[in-house]
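Visitor: I'm new to this one. Could you pick a single part and take me through it slowly?

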Amino acid sequence: MVDIPALAGQVMPYITAAIAAYGAAVWTKAQDTMADETVSLGRRLLQRLARREESRPQLEAAVADVAESPRDEDFVAALRGQIKKALAADAQLAADIEAMLNASPIVAGPRSQIVANSHVGGDVIQIGSAGDVTIHRRD
């Protein structure tokens, strides 16, 4: 059985990255070979979610809100809620989304290369360097 709330949470960094990159045009943006893998996966996840016709109008409205105000936590939560509803209503959709995430070479979460919904405050930012970096595929 798929854990719908966890699955909805897993897709959010990808989807919000795609919305941040393309705005409301995320629905119509052609595949960009130069697009970041995170953005590309987010766009593909959204497109798969939108193929469920019953959920599409609410999903489109939530995406438009996030595109307009990407830092508004209420809009991001509303989008996550619409995604959860769509996944809960369609077991095949949930399985497809889970398979897309599992097939992805990038992983969102702790120690991930994905940064989403971050807010930087203050007047000094220090960026360090790393010596050897190893990137592992998710098993």
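This is a predicted model: local features need pLDDT of at least 70, side-chain atom pairs count only at pLDDT 80 or more; totals for chains, interfaces and linings use all residues.

Guide: In helix 3, Gln58, Leu59, Ala62, Val63, Asp65 and Val66 touch a set of residues in helix 4, namely Phe75, Val76, Leu79, Gln82 and Ile83. Sort that contact by class and you get eight nonpolar, two polar and one charged residues. Helix 3 covers residues 56-68 and helix 4 covers residues 73-89; their axes come within 9 Å and cross at roughly 160 degrees. An angle over 145 degrees counts as roughly antiparallel, so helix 3 and helix 4 are roughly antiparallel to each other. As for handedness, the crossing of helix 3 and helix 4 is left-handed.

Now hop over to another pair, helix 2 and helix 5 (residues 91-103), whose axes come within 10 Å and cross at roughly 170 degrees. That angle makes helix 2 roughly antiparallel to helix 5. On the helix 2 side, the residues in contact are Leu41, Arg44, Leu45, Arg48 and Leu49, and they meet Gln92, Leu93, Asp96, Ile97, Met100 and Leu101 in helix 5. By class, the contact of helix 2 with helix 5 has seven nonpolar, one polar and three charged residues.

While you're here, find arginine 43, which sits in helix 2, residues 37-50. Arginine 43 has a relative accessible area of 5%, so it is buried, the cut-off for that being under 20%. Its C-alpha atom is 5.5 Å from that of alanine 18, although arginine 43 and alanine 18 are 25 residues apart along the chain.

Note on methods. Residues are numbered from 1 along each chain as its sequence is written. Side-chain values use heavy atoms; hydrogens and water are left out. Axes are lines fitted to C-alpha atoms, for helices over the stretch in contact, and angles run from 0 to 180 degrees between N-to-C directions. Helices (H or I, at least four residues) and strands (E, at least two) are DSSP runs, numbered from the N terminus. Angles under 35 degrees count as roughly parallel, over 145 as roughly antiparallel, 65 to 115 as roughly perpendicular and the rest as oblique. A crossing is left-handed if the near helix is turned anticlockwise from the far one by less than a right angle, and right-handed if clockwise. Contact means heavy atoms within 4.5 Å. Ala, Val, Leu, Ile, Met, Phe, Trp, Tyr, Cys and Pro count as nonpolar, Asp, Glu, Lys and Arg as charged, and the others, Gly among them, as polar. Buried means under 20% relative accessible area, exposed over 50%, partly exposed in between (1.4 Å probe, protein chains only).
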